[in-house]
Amino acid sequence: MYLGALLATSGLIAVVYRPHAAWREARPARYSVRSGRRLAWSHTVRLAAGVVAMIIGLLMAGFELAR
């Protein structure tokens, strides 16, 4: 008898608590995706700038040697 009441109460609490828990998890996940995307783009821009600088440096060195 007590076990049935305990299971019913815990089931009711789980159903009532679930939507609140989902919203608590969804909002930080959304911000995490945004900040992760921003971080990935900043790394990509730095990498691309480094590659461009290296290519320009190699071209300048090649033109200096060809003179």
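Student: Which residues gather in the patch of positive charge on the surface?
Tutor: In this predicted model, Arg-27, Arg-30, Arg-34, Arg-37 and Arg-38 gather in that patch. Patch members have over 30% relative accessible area and no salt bridge, with like charges joined within 9 Å and nonpolar side chains (Val, Leu, Ile, Met, Phe, Trp, Tyr) within 5 Å. Lys and Arg count as positive, and the charge of Arg is placed at CZ.

Student: How are residues numbered, and which pLDDT limits apply?
Tutor: Residues are numbered from 1 along each chain as its sequence is written, and side-chain values use heavy atoms, without hydrogens and water. Local features need pLDDT of at least 70 and side-chain atom pairs 80 or more, while totals for chains, interfaces and linings use all residues.

Student: Where is Arg-37 found?
Tutor: Arg-37 is found in helix H1, residues 2-66 (helices are DSSP runs of H or I with at least four residues, strands are E runs of at least two). The protein has one helix and zero strands.

Student: Why does Arg-37 count as partly exposed?
Tutor: Because its relative accessibility is 49% (buried is under 20%, exposed over 50%, partly exposed in between, with a 1.4 Å probe).

Student: What share of the protein is buried?
Tutor: Of its 67 residues, 1% count as buried. The accessible surface comes to about 6400 Å², 73% of it belonging to carbon and sulfur atoms (Shrake-Rupley method, 1.4 Å probe).

Student: Which residues form the nonpolar patch?
Tutor: Leu-47, Val-51, Ile-55, Leu-59 and Phe-63 form it, with about 530 Å² of accessible area together. Ile-55 is found in helix H1 and is partly exposed at 45% relative accessible area.

Student: How many salt bridges does the structure hold?
Tutor: The structure holds one (a side-chain nitrogen of Lys or Arg within 4 Å of a carboxyl oxygen of Asp or Glu). Glu-64 forms a salt bridge with Arg-67, their closest N and O atoms being 3.3 Å apart. Arg-67 counts as exposed, at 79% relative accessibility.
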